[in-house]
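Biologist: Could you walk me through this model, starting with the overall fold and then going into the details?

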Amino acid sequence: MCTLTSLTNLVAWISRVQLLKDPPLAPKAGETAATTDCDPPKTVVVSHENGNAAHEQDKKKGRHAAVGHKSVLQSDALYQYILETSVYPRESPYQKELREITEKHPWNLMTTPPDEGQFLMLLLKLINAKNTMELGVYTGYSLLSTALALPDDGKIIAIDINRQNYELGAPVIEKAGLNHKIDFREGLILPQLDDMLLEEKYIDFFDFIFVDADKDNYVNYHERLLKLVKVGGVIGYDNTLWNGSLVAPEDVPYPKYVRHYRPFVLELNQVLAADDRIEISQIPVGDGITLCRRIK
Ligand SMILES: C[S@@+](CC[C@H](N)C(=O)[O-])C[C@H]1O[C@@H](n2cnc3c(N)ncnc32)[C@H](O)[C@@H]1O
């Protein structure tokens, strides 16, 4: 059991709050990414030989290069094919509207890509999820996707330190008639999880938990989430392929935030692989999502 509720760590988290609330601007397409301490932009990963060509191709298509390709797929054209063939035609008008609102936001690299949203929706239906939790909301693309997939009496506890960004997407969620499913809780994730652990009703409660927040805390979240998710329920950790950087040679000039979080993601992947309380599968959708089904 992890005990990172120590005063020292609380002080560290509190010192990060301001940064979480007001992270520096995300990069424009083609620029080196600026970092937010919360969930750094998920940059385009193209092979280093064809990166510039792919970027030029993106520009011709009139899409934002960085946001347009959040997949670890090495072929930009193939990713575009997936979006145009299987994702956009099935995306709801509310998701499209929220995606377009988010595209105008300076930190838009943080959003869940639409193919991952579609994957989450199918998964939630496959497991008949009803009670879910989302850690890391931003403008709410994955939250809206979850709300669309849940039954009418489904519920989502959604936690984020930044209410302002959530409020950008909230009118779309309201227009979709999904407000009744959402319990947005503003604040830091870890103390809120600790509070939930004190309430009996949340023990073994959730069918699904989506974790898309601060990568350096995922291992700390994991111990807590294993008590909150029910046996047979699923936790999905986002960004577990971390821009492809996990297997890249040392000299690849990744932005600072990629290099900073890389060891935490490497550690998480090892922790999950060694944990006999879960069955896992690491899915190369988006920036990688590892599904963990609690078995004990
Ligand atoms: C990648 S974004 C979430 C993207 C979102 N799932 C979507 O679909 O757009 C990460 C979010 O986590 C939040 N966050 C990061 N660390 C946090 C923490 N320790 N406590 C609360 N929120 C945090 C940030 O404010 C940010 O909105």
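Modeller: Two strands are taken as paired if DSSP finds at least two bridges between them, and the elements themselves are DSSP runs numbered from the N terminus, with helices (H or I) of at least four residues and strands (E) of at least two. This is a predicted model, in which local features need pLDDT of at least 70 and side-chain atom pairs count only at pLDDT 80 or more, while totals for chains, interfaces and linings use all residues. Residues are numbered from 1 along each chain as its sequence is written.

Biologist: OK, so in what order do the strands of the open sheet sit?

Modeller: The order in this open sheet of seven strands is E3-E2-E1-E4-E5-E7-E6, and the pairing is mixed. Strand E3 (182-186) and strand E6 (278-283) are the edge strands, each pairing on one side only. From one strand to the next the twist averages 15°, where angles run from 0 to 180 degrees between N-to-C directions and axes are lines fitted to C-alpha atoms, for helices over the stretch in contact.

Biologist: And how many helices and strands does the protein chain have?

Modeller: The protein chain has eleven helices and seven strands.

Biologist: Which strand does E6 pair with, and in what sense?

Modeller: E6 pairs with strand E7 (residues 289-294) in the antiparallel sense, over six bridges, and Glu279 has Arg293 in E7 as its bridge partner. Helix H11 (residues 256-274) packs on the sheet, where it touches strand E5 (229-238), E6 and E7, and its direction makes about 140° with that of E6; a contact here requires two C-beta atoms, placed from the backbone, to lie within 7 Å.

Biologist: Let's go to E1. Is it buried or exposed?

Modeller: Strand E1 (residues 131-135) is mostly covered, with five of its five residues buried. By the convention used, a residue is buried if 20 or more other C-beta atoms lie within 10 Å of its own, exposed if 12 or fewer, and partly exposed in between, with C-beta atoms placed from the backbone. Asn131, Met133 and Leu135 point one way from E1, Thr132 and Glu134 point the other way, and all are buried. In a regular strand the side chains alternate between the two faces of the sheet.

Biologist: What does E1 pair with?

Modeller: E1 pairs in the parallel sense with strand E2 (residues 155-160) over five bridges, and Asn131 has Lys155 in E2 as its bridge partner. E1 also pairs in the parallel sense with strand E4 (residues 206-211), over four bridges, where Thr132 stands opposite Phe208.

Biologist: Which helix goes with E1 and E2 in the β-α-β unit?

Modeller: That is helix H7 (residues 141-149), and the unit it makes with E1 and E2 is right-handed, meaning that, with the strands pointing away from the viewer, the path from the first strand over the helix to the second runs clockwise. Further along, E2 and E3 run parallel and are joined by five bridges, with Asp160 partnered by Glu186 in E3. The crossover from E2 through H8 to E3 is a right-handed β-α-β one as well.

Biologist: Where do H6 and H7 meet?

Modeller: Gly117, Leu120, Met121, Leu124 and Lys125 in H6 meet Tyr141, Ser142, Ser145, Thr146, Leu148 and Ala149 in H7. The axes of helix H6 (residues 114-126) and H7 come within 9 Å and cross at roughly 30°.

Biologist: Switching to the core, which residues touch the most other members?

Modeller: In the largest nonpolar core, which has 59 residues, they are Leu144, Ala147, Ile209, Val211 and Ile235; such a core is a set of buried Ala, Val, Leu, Ile, Met, Phe, Trp, Tyr and Cys residues joined through C-beta atoms within 7 Å. Not counting residues up to four places away in sequence, Leu144 touches Tyr94, Gln95, Leu98, Gly169, Val172, Ile173 and Ala176.
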